[in-house]
Amino acid sequence: MWYIYMCEQTWSLNPKASESGSGQNPSVGILNYDIMARFRRRTCIILLLFILFICSIMMALKTLRPDRAGFGDPFGLGLLPELQQRTVLLDSKQNLLNRAQGDTVTRVSNLHSIAVNTMKASMSPVKKLEEELSSPNYNFHIFYYTWYGNPQFDGKYIHWNHPLLPHWDPKIANNYPKGRHNPPEDIGANFYPELGSYSSKDPTVIEAHMKQMRTASTGVIVLSWYPPGMADENGEPTDDLVPVVLDHAHKYNLKVTFHIEPYKDRDDRSMYHNVKYIIDKYGSHPAFYRHKTSTGRLLPMFYVYDSYVTIPEIWANLLTVSGSQSIRNTPYDALFIALLVEERHKHDIHRSGFDGMYTYFATNGFSYGSSHHNWASLKAFCDSNNLMFIPSVGPGYIDTSIRPWNNHNTRNRVNGKYYETAFSAALLVRPEIISITSFNEWHEGTQIEKAVPKRTGQVVYLDYKPHKPNVYLELTQKWSEKYRKEQEQWLM
């Protein structure tokens, strides 16, 4: 169209061109004018048809263009042999380069995929656990024992074959049987564990225990501990198990603190070395528990069982700033929690320099400290003396499998009601921490670990019926959530 437009414009600009010959015949001029006009029109039509023909060819060639040609490809070069050959060579080099780059990208991509998949494979079980299990409550501390053994892992039974303890009065002792239990059918417990007469060294057992404690929404494991080479009179040293417990606890996002058991000649000096040993050896582990104090300090915590056996003056050497073995304001400073049994112990605990007290026993009414109705006054005493009060709740108590004469201290579980009553009493005093006695103290029947019905010969074990084996884990989780909600109200 632009060509036709230019032809018309040329003619209009030269209207007098035919008048150049003044002597010519007018009729001849008119004839020449008509001939020229027809010639120009014919020429314009021919040019227009030619242009349309060229455009048609180009459109036809364009429809034959290969799909792989991208924007800016040298379309039409294939019509020229030399340029086509050169283009083929260039394309070949480019294809080789693209393949090399593609292979490199693919290799990098594959390596990345492998790394991601490996990471996902290692992370997915932990992530899945986090999604399935209740969040840990680090204000719920649970007492845990690793003193059990069996022939498969320990070469013999340990603690499951607990002896029958005689009464201190010989006259009474003579009325009860003597001897010891004979596992695996006959164990030193009134209930029977779902895991059987297990070894505390069995990794699958430790794994199962961690999962159960996390399921119960507890957060801190209070690990029964003796110094290296030491043990209770019926057990064997267990300090070498601490790293394994820490590792498994970390997998479940649980923390571990220590329940320092009484041993021969325990005093301020030996305790200093105990604390130093524990912090130096285990303090850097991510599962090692540190408690945030009201002043913002993060300090390890140690429960000290039977602390009342040692006089306050000895403890003060370790636990007061002016003490000769003072641990205060050193890298080994910590929170020390004493066991309160009798009412008078609260004053001894304060004088000794302890940071708080716990009650441990799961027998309501057995001692002053374990009696629920005394918790309010104990909490008030602790508040007025800047001490922590940590009540201990338990699902029940029965130890007649090892103390057959101690039936009067049995506390029936009442299908979980006893446990819930203890939790309710604890929450009434608004404690900063609640301790649970226990996860697996089977000898005294305070365990919340899964138990199953079992009958062997003349022995019929107690069980959790009509509930399932995990009922006490579920109750603990229930009260953990209730505690969280109530604690939010206390802090408002």
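With strand β4 (residues 255-260), the pairing is parallel and comprises three bridges. Here I260 lies opposite V304 of β6. With strand β7 (residues 335-339), the pairing is again parallel, in this case over four bridges. M301 has L335 of β7 as its bridge partner. The strand β6 itself spans residues 298-304, and six of its seven residues are buried, so β6 is largely enclosed by the rest of the structure.

For β7, five of the five residues are buried, and this strand is therefore largely enclosed by the rest of the structure as well. In a regular strand, side chains alternate between the two faces of the sheet. In β7, L335, I337 and L339 point one way, whereas F336 and A338 point the other way. The residues on both sides of β7 are buried, the criterion being a relative accessible area under 20%.

Two helix pairs were also examined. The axes of helix α12 (residues 417-428) and helix α13 (residues 471-490) come within 11 Å and cross at roughly 15°. Because angles under 35 degrees count as roughly parallel, α12 is roughly parallel to α13. The crossing of α12 with α13 is right-handed. On the α12 side, the contact is made by Y419, E420, F423, S424 and L427. The contributing residues of α13 are Y472, L475, T476, K478, W479, K482, Y483, E486 and W490. Classified by residue type, the contact of α12 with α13 contains eight nonpolar, two polar and four charged residues.

In the second pair, helix α6 (residues 203-215) and helix α7 (residues 242-251) have axes that come within 9 Å and cross at roughly 45°. This angle makes α6 oblique to α7. The crossing of α6 and α7 is right-handed. The contact involves P203, I206, E207 and M210 of α6, together with V244, V245, H248, A249 and K251 of α7. The residues of this contact between α6 and α7 divide into six nonpolar, one polar and two charged.

At the level of the whole protein chain, the predicted model contains 13 helices and 14 strands. Of the 492 residues in the protein chain, 44% count as buried. Among contacts in the protein chain with a separation of 6 or more, 72% are accounted for by residues 24 or more positions apart.

How values were computed
Residues are numbered from 1 along each chain as its sequence is written. This is a predicted model: local features need pLDDT of at least 70, side-chain atom pairs count only at pLDDT 80 or more; totals for chains, interfaces and linings use all residues. Side-chain values use heavy atoms; hydrogens and water are left out. Axes are lines fitted to C-alpha atoms, for helices over the stretch in contact, and angles run from 0 to 180 degrees between N-to-C directions. Angles under 35 degrees count as roughly parallel, over 145 as roughly antiparallel, 65 to 115 as roughly perpendicular and the rest as oblique. A crossing is left-handed if the near helix is turned anticlockwise from the far one by less than a right angle, and right-handed if clockwise. Contact means heavy atoms within 4.5 Å. Ala, Val, Leu, Ile, Met, Phe, Trp, Tyr, Cys and Pro count as nonpolar, Asp, Glu, Lys and Arg as charged, and the others, Gly among them, as polar. Buried means under 20% relative accessible area, exposed over 50%, partly exposed in between (1.4 Å probe, protein chains only). Two strands pair if DSSP finds at least two bridges between them.
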